Amino acid sequence: MVFAILFSFILGYVLIVLESPLKIDKAVSGILTGIICWVFVAMAPELVESGMTPESEIGHHLGGIAQILLFLIGAMTIVELVDAHKGFNLLSDLIKTKKKSTLLILVSVITFFLSAVLDNLTTTIVMISLIRKLVPDQESRKWFAGFIIIAANAGGAWSPLGDVTTTMLWIGEKVSSIELVKLVFIPSVLCLAVPLAIAILFTNHFKGPVVAQERDHDHILGSSRFMLITGILALLSVPVFKLLTHLPPFMGMMLALSVVWLISEFVDPKMDNFHVEDRHKLTARYALSRIEIPGILFFFGILTAVAALQSVGLLTVLATGLDAVLGNYNYVAIMLGVLSAVIDNVPLVAASMGMYSLPEDHGFWHFIAYAAGTGGSMLIIGSAAGVAAMGMENLQFMWYLKRIGGLAALGFIAGSLWLLLVGA
């Protein structure tokens with residue numbers, strides 16, 4: 001039955017990869033994969049490592065999955081509300097450059113540092129909403145979205161708040177915040193800088209100007225600035241809420257959403273030419289109707305499938321096998337980073353934390369933080385940022401693999417070599 005679960009996961013993964021030629025929505029493949037894997041688990045309940053029944057086990061995993069989905073829904077809704085009030089037009093107006101290469105550098109650097117303060121998922125949602133205002137051409141926007149994924153994952157790896165895995169290592173007292181920043185910042189910079197330099201110097205896509213986007217004369221509302229500041233402060237409050245209350249991040253995101261929602265009910269667009277009949281487009285209900293539900297369902301399916309692999313011990317076997325074959329801590333970290341492009345990095349990091357009883361700030365933990373945080377950039381479904389971008393910009397698996405995956409891999413290798421050289 002273990003083979004059936006593994007085969008179902010691999011088959012579902014292939015269907016996701018072949019989404020475009022098969023014309024089967026990735027959400028369908030993801031949901032089917034997750035449910036079928038758990039059907040096989042239910043047929044062999046003795047396989048569940050925890051000793052719980054399959055029903056109890058999926059209920060246990062559903063708590064974590066629901067937290068991520070609620071976090072995603074909250075962040076997307078806040079961003080859509082700000083966008084409805086044309087708040088992001090204010091930011092796009094501040095960026096005057098028309099050179100694609102300069103714009104790519106600006107967007108990537110902003111994403112890199114913002115993801116360390118917020119997290120890579122929220123940052124991706126915000127930055128993709130921003131480039132929609134700056135880059136009207138969809139094909140060009142896909143390239144920018146690809147680099148936003150790389151930058152968001154790289155930026156999240158060196159901060160205890162930037163990624164779920166770094167937060168896990170920090171809370172689990174495997175790394176301290178100061179040492180994490182000190183040792184992982186430079187490899188994270190290399191992880192972004194190497195693909196950025198290659199793309200600008202050796203590809204034709206980022207040569208020349210960005211095609212100017214037509215703007216209506218009323219592209220700014222009287223409420224734009226207020227809602228932009230409110231939305232940004234609400235998103236920034238989420239990690240602060242977590243630090244102060246120790247409650248899960250989704251609770252902070254739901255609080256932020258409720259506050260922004262409440263404010264949006266009373267804010268006045270203050271425009272003479274704003275039609276009363278369009279007032280519903282400024283509401284949270286309308287914003288909720290615009291978020292990418294198929295992308296969220298796809299996320300549910302993938303996380304559910306990975307939970308099945310974790311429940312029957314396949315991920316633990318994988319991590320233990322890597323340790324036996326590779327031996328060296330650093331090589332194990334690199335391989336776990338590569339695997340995180342295929343399998344969710346959270347259970348991989350959780351497995352590594354259970355396998356080793358190394359002291360706080362041991363080099364292995366810093367390598368794990370880097371590798372698990374950035375390795376997911378190599379495949380579009382390897383990270384929460386990638387899945388969010390996949391849904392928002394309709395990025396296809398093979399398009400990303402051919403154009404962005406190789407560049408992300410070179411960045412990952414560059415950062416890994418740095419850590420190997422300095423003896424992290």
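How accessible is D361, and does that make this residue buried, partly exposed or exposed? D361 has a relative accessibility of 23%, and therefore counts as partly exposed, where buried means under 20% relative accessible area, exposed means over 50%, and partly exposed covers what lies in between, with a 1.4 Å probe and protein chains only.

## The model and its confidence

This is a predicted model, in which local features need a pLDDT of at least 70 and side-chain atom pairs count only at pLDDT 80 or more, while totals for chains, interfaces and linings use all residues. Residues are numbered from 1 along each chain as its sequence is written, and side-chain values use heavy atoms, with hydrogens and water left out.

The predictor's confidence in each residue is given as pLDDT, on a scale from 0 to 100. For the protein the mean pLDDT is 84, and 93% of its residues reach 70 or more. Confidence is lowest in helix α17 (residues 345–355), with a mean of 71, and highest in helix α20 (residues 397–422), with 93; helices here are DSSP runs of H or I with at least four residues, numbered from the N terminus. Where pLDDT is low, the predicted coordinates should not be read in detail.

## The nonpolar core

A nonpolar core is a set of buried Ala, Val, Leu, Ile, Met, Phe, Trp, Tyr and Cys residues joined through side-chain atoms within 4.5 Å. The largest such core has 126 residues, and of these I125 and F147 touch the most other members.

If residues up to four places away in sequence are not counted, F147 touches L104, S108, P195, L196, A199, F206, I404 and L407, where contact means heavy atoms within 4.5 Å.

Helix α8 (residues 138–157) has 20 residues and spans 29 Å from its first C-alpha to its last, which is close to the 28 Å expected at 1.5 Å a residue; the expected span is 1.5 Å times one less than the number of residues. Because 18 of the 20 residues of α8 are buried, this helix is largely enclosed by the rest of the structure.

Helix α10 (residues 177–202) has 26 residues and reaches 37 Å from its first C-alpha to its last, close to the expected 38 Å. At V184 the helix α10 bends by about 40°, and a proline, P187, follows within four residues; the bend at a residue is the angle between axes fitted to the seven residues ending there and the seven starting there. The buried residues of α10 include V184 and P187 themselves, and among the others are P195, L196 and A199, which are also listed as contacts of F147.

## Salt bridges

Side chains of opposite charge can pair when their charged atoms come close. A salt bridge is counted where a side-chain nitrogen of Lys or Arg lies within 4 Å of a carboxyl oxygen of Asp or Glu, and by this rule the count comes to five salt bridges. One of them joins E80 to R290, with the closest N and O atoms 3.1 Å apart. This pair links distant parts of the chain, as E80 lies in helix α4 (residues 54–84) and R290 in helix α13 (residues 284–290), 210 residues apart. E80 is buried, with a relative accessible area of 10%, whereas R290, at 44%, is partly exposed.

Another salt bridge is formed by the side chains of K133 and D83, at 2.6 Å from N to O. K133 lies in helix α7 (residues 120–134) and D83 in helix α4, so the pair ties together parts that are 50 residues apart in sequence. K133 is buried at 19% relative accessibility, and D83 is buried at 16%.

K182 and E179 also form a salt bridge, with 3.0 Å between the closest N and O atoms, and both lie in helix α10, three residues apart, which is about one turn of the helix. K182 is exposed, with a relative accessible area of 53%, while E179 is partly exposed at 24%. Salt bridges that share partners join R132, R141 and E393 into one network.

## Positive phi in two loops

Most residues other than glycine have a negative phi, and most peptide bonds are trans. D361, in the loop between α17 and α18 (363–374), has a positive phi of about 70° although it is not a glycine. K86, found in the loop between α4 and α5 (87–94), has a positive phi near 60° and counts as partly exposed at 29% relative accessibility.
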